[in-house]
Amino acid sequence: MIHKIYNMMDKDSKILSIILYLFIIAALTFGYIHSIEYYKSFNFIINQGILKRSLIMLPLFVVIIYTAVFLLPHRIEELTSLYWLLFLILSTTPLLIVYIMSGLGDSKNSPVFIYTIVAVGLIGVLLTSKFDFKIPEINISPKTFWIGLIAFMVVGYGYIIYKLGMPTKIIQAFKDVYSVRLDYRDHAGRFVDYFVQWLGNIINPFILAFLIYKRKYKLVFIPFVLQLVLYGYAAYKSQFAVLLLAPFFGMILRYGIKRSFIEKIMALAAALGIAALYLKKLSIYLLIIIRVFLWPSLIALEYFDFFSMYPKMKLAQGILGHFFKNIYNMDPNFYMATVYYGRPDMRLNVTWYGDAYMNFGIIGIIIFAILLYFIMIIIRSVERKNIFLVSTLLFGGIMALFNGPILTTLLTNGLGLGVLLAYLLPKEI
């Protein structure tokens, strides 16, 4: 009898999840239609052939909903499962909607591009939920770990102060963010920015999480002060968000969270965006519907649209710059902003799969997807040590994957450093 009740509850939960996904799809479609009225500068367009494109994308909607509802665990207790769930909701679902409405790249086989992205998500979910990989561990003592971590912090902050001087613009950074940030970009070299990103996105959130984990509440001011110092140099507001959200998500994963709850939050966000549109609160609509859901997918399709016609980058702007020439003579992010938005001063950041296509085409997406799978395998193996602390180490880097290239996220945004520290993290710390 009890077993039958649980089966009925589980069935009702799955039906509710399907309804929520259908609502999100409808809300984003409605939001896209009205984006043309209010935000023409974002290049949202509607082209003929919507019915045909809808039929082409219909199997992918089925795959996405089935994958999320039936293949991902009912209770999310791993960072890897959380990433793939958000990937399905925030990346693949809006990508389908943007393509259906705009038809961007239709003559260049953009459905192949989109089908590849959905396949990447499906395989990622299967690897995460169906297979249990374990990698060899290196056991180091807590003392050795902390000596290494503190030494890294001393070197990092010391190098920043050596290059930029003492942080004298903390107050100005709150009053005039962009002025301080522009001055920082003019004077900070590559390695200075590496340390600012690594310390702000990885180390300081981990310190805060550790103090909370050990209930050393009187000392939690320390990571905030350290973050404030970095803000005085670079004025990266996002680092304060990471500092607060990383321990929060770590706590959620530590106790587990129902997948349906995340789905409800996403549906509520979409509903809030549409309600804001109806009430003419366009700043909220812009933030949620446009910037969070739709625009990243449109940018990815624009990258496909351009680089399906013109030569690929082949990482000429990055690690293969000594072997290949950047024929565009500009950072591709600025170049694409110039081509599609007439804004050479704007950096048009793209998702990791858009960047992969820009560099090597469809084969690039496959190669970078394999790299991403390998990263997720390592994360899944090490997060068993202490899901709370490991999640805080990796949160900043994982979130950066939604709007940045994999290689840049690994190096610049600190995901690589976070994975390394999570791998070295002692089980008993």
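Which two helix axes come within 8 Å and cross at roughly 65°? They belong to helix α3 (residues 79-102) and helix α12 (residues 282-307).

## Before we start

This is a predicted model, where local features need pLDDT of at least 70, side-chain atom pairs count only at pLDDT 80 or more, and totals for chains, interfaces and linings use all residues. Residues are numbered from 1 along each chain as its sequence is written, and side-chain values use heavy atoms, with hydrogens and water left out.

Helices are DSSP runs (H or I, at least four residues) numbered from the N terminus. Their axes are lines fitted to C-alpha atoms over the stretch in contact, and angles run from 0 to 180 degrees between N-to-C directions.

## Helices α3 and α12

Let's return to our opening pair. The helices α3 and α12 are roughly perpendicular to each other, a label for angles of 65 to 115 degrees. Their crossing is right-handed, which is the case when the near helix is turned clockwise from the far one by less than a right angle.

On the α3 side, I89, L90, S91, P94, L95, V98 and Y99 make the contact, where contact means heavy atoms within 4.5 Å. From α12 come V292, F293, L294, S297, L298 and L301. Sorted by class, this contact has 11 nonpolar, 2 polar and no charged residues. Here Ala, Val, Leu, Ile, Met, Phe, Trp, Tyr, Cys and Pro count as nonpolar, Asp, Glu, Lys and Arg as charged, and the others, Gly among them, as polar.

## The nonpolar cores

A nonpolar core is a set of buried Ala, Val, Leu, Ile, Met, Phe, Trp, Tyr and Cys residues joined through side-chain atoms within 4.5 Å. Buried means under 20% relative accessible area, exposed means over 50%, and partly exposed lies in between (1.4 Å probe, protein chains only). The largest core has 139 residues, and Y83, F206, W295 and W352 have the most contacts inside it. Helix α3 gives the most to this core, with 17 residues.

What does F206 touch, not counting residues up to four places away in sequence? Its partners are F145, W146, L149, L389, T392, L393, L425 and I429.

Helix α7 (residues 177-187) and helix α9 (residues 221-234) have axes 7 Å apart and pack at an angle of about 80°. That makes α7 roughly perpendicular to α9. In α7, V177, V180, R181 and Y184 meet Y231, G232, Y233 and A234 of α9. This contact divides into 6 nonpolar, 1 polar and 1 charged residues.

A235 sits in the loop between α9 and α10 (238-255). Its phi is near 55°, a positive value in a residue other than glycine. Is A235 buried or exposed? A235 is buried, with a relative accessible area of 0%.

## An enclosed helix and a partly exposed proline

Helix α18 (residues 415-424) has 7 of its 10 residues buried, so it is largely enclosed by the rest of the structure. The buried ones are L415, L417, G418, V419, L421, A422 and Y423. They pack against α5 (142-164), α8 (190-213), α15 (362-382), α16 (387-400) and α17 (406-411).

Finally, look for P59 in helix α2 (residues 50-71). P59 counts as partly exposed, at 39% relative accessibility. P59 and Y115 are 56 residues apart in sequence and 9.6 Å apart in space, C-alpha to C-alpha.

Technical notes. Angles under 35 degrees count as roughly parallel, over 145 as roughly antiparallel, 65 to 115 as roughly perpendicular and the rest as oblique.
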